[in-house]
Amino acid sequence: MSDANSRSIVSNQAGIHEKLDEIVNKHLNAEFKKPIAEHTQKAFDEVNAKVQAFNGPLILDSCCGVGESSANLAKRHPDALVIGIDKSSHRLDKHDVEYKQTDSGQYILVQADLNDFWRLAVAANWQPTHHYLLYPNPWPKSKHIQRRWHGAAIFPFIVKLGGQLEVRSNWDIYVKEFARALALTGNPCNVTLYESDDAITPFERKYWASGQQSHRLVINL
């Protein structure tokens, strides 16, 4: 499929999910007890050693895919350490081939489950200055609401991580739901259109080439 005909999101939802408030409030009042996977604990420990030794701003690029966004964010924040996290080794393995960028900025790419990684980061008292969630999988079917980050049990830990959170998607409902979930934690924010001359992720390039718009929220948590 060429960049110019990227498919639009198709959903049986016309607006914010009717059960969103109920789901988010349930997760805000529950304890997340799922055991941490051993491979994520090991990956976290390795990265945490570098984070603790680094004296400067920390930036998270969650669901970083092939890591192009992590490299670009490192260029934009040359004094920071950017941690790009994705669960797919298949996506991350493409990085060396296609996007090796070492001319400026510092970044580390990690294969890990964010449901575990974010909890470990909170426990280790990481305090990122910025947290990017650029084009996460939107799970557009109504029945999959709890697979979206704002509808998942891990959501409270995204809030606990703090920093300036930026979420982007080509599906406006995803970002509007995320904003509503944040409002339920006492962090109201606006959803706006995002336009730029520079795409920093492959998805961004693809969506814009096919005439799709990007929606985003930015909030200091």
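# Notebook: rings, cores and cover

I began with the charge over a ring at Lys160, which lies over the face of Phe157 at 4.4 Å from the ring centre. This is a predicted model, and I keep that in mind for every value below. I then looked up a second case, in which the charged end of Arg147 sits over the ring of Trp139, 4.7 Å from the ring's centre.

I stayed with Trp139, which I found in the loop between E4 and H6. With 27% relative accessibility, Trp139 counts as partly exposed, because that value falls between the 20% and 50% limits. I noted its backbone as well: phi of Trp139 is near 40 degrees, a positive value in a residue other than glycine. Most residues other than glycine have a negative phi, and for that reason I wrote the angle down. Tyr135 has its place in the loop between E4 and H6 too, and there I read a phi near 55 degrees, again positive in a residue that is not glycine. At 6% relative accessibility, Tyr135 counts as buried.

**Aromatic pairs**

I counted ring pairs next, and the total comes to 10 aromatic pairs. For Phe155 and Phe178 I looked up centres 5.7 Å apart and planes at 75 degrees, so the pair is edge-to-face, the cut-off for that class being over 60 degrees. Phe155 lies in helix H6 (residues 155-161) and Phe178 in helix H7 (residues 172-184), so this pair ties together parts that are 23 residues apart in sequence. Phe155 is buried at 1% relative accessibility, and Phe178 is buried at 0%.

I then turned to Phe203 and Tyr207, whose ring centres are 5.8 Å apart and whose planes are at 20 degrees, so the pair is stacked. These two are four residues apart in helix H8 (residues 202-209), a separation of about one helical turn. An α-helix has 3.6 residues a turn, so residues three or four places apart point the same way. Their cover I recorded separately: Phe203 is partly exposed, with a relative accessible area of 38%, whereas Tyr207 counts as buried at 10%. I also noted that ring pairs link Phe44, Phe117 and Trp126 into a cluster.

**Cores**

Which residues have the most contacts inside the largest nonpolar core? That core has 45 residues, and the ones I listed are Ile83, Trp126, Trp149, Phe178, Leu182 and Leu217. Helix H7 gives the most to this core, with seven residues. For Phe178 I looked up the contacts beyond four places in sequence, and they are Leu133, Trp149, His150, Phe155, Ile158, Leu165, Val167 and Leu217. A second, separate core has 12 residues, among them Ala71, Tyr132, Ile200 and Tyr207.

**Tyr174**

I checked another residue of helix H7, Tyr174, and found it buried, with a relative accessible area of 0%. Leaving aside residues up to four places away in sequence, Tyr174 touches Pro136, Asn137, Pro138, Arg148, Trp149, His150, Val167 and Ser169. I also looked at Tyr174 against Ile16, which is 158 residues apart from it along the chain, and the C-alpha atoms of the two are separated by 8.1 Å.

**Helix H5**

How many of the 10 residues of helix H5 (residues 114-123) are buried? I found seven, and the helix is mostly covered. The buried residues of H5 are Leu114, Asp116, Phe117, Trp118, Arg119, Leu120 and Ala121. What covers them includes helix H2 (38-53), strand E1 (58-62), strand E2 (81-86), strand E3 (106-111), strand E4 (130-134) and H6.

**Whole chain**

Along the principal axes, the C-alpha atoms fill a box of roughly 45 × 45 × 30 Å. Buried residues make up 49% of the 221 residues. Of the contacts with a separation of 6 or more, 79% come from residues 24 or more positions apart. The chain exposes about 11,000 Å², and carbon and sulfur atoms supply 46% of that area.

Conventions:
Residues are numbered from 1 along each chain as its sequence is written. This is a predicted model: local features need pLDDT of at least 70, side-chain atom pairs count only at pLDDT 80 or more; totals for chains, interfaces and linings use all residues. Side-chain values use heavy atoms; hydrogens and water are left out. Rings of Phe, Tyr and Trp (its six-membered ring) pair if their centres lie within 6.5 Å; planes under 30 degrees apart count as stacked, over 60 as edge-to-face and the rest as tilted. Buried means under 20% relative accessible area, exposed over 50%, partly exposed in between (1.4 Å probe, protein chains only). A charge sits over a ring if NZ of Lys or CZ of Arg is within 6 Å of the ring centre and within 35 degrees of the ring normal. A nonpolar core is a set of buried Ala, Val, Leu, Ile, Met, Phe, Trp, Tyr and Cys residues joined through side-chain atoms within 4.5 Å. Contact means heavy atoms within 4.5 Å. Accessible areas come from the Shrake-Rupley method with a 1.4 Å probe; for residues, only the protein chains shown count as cover.
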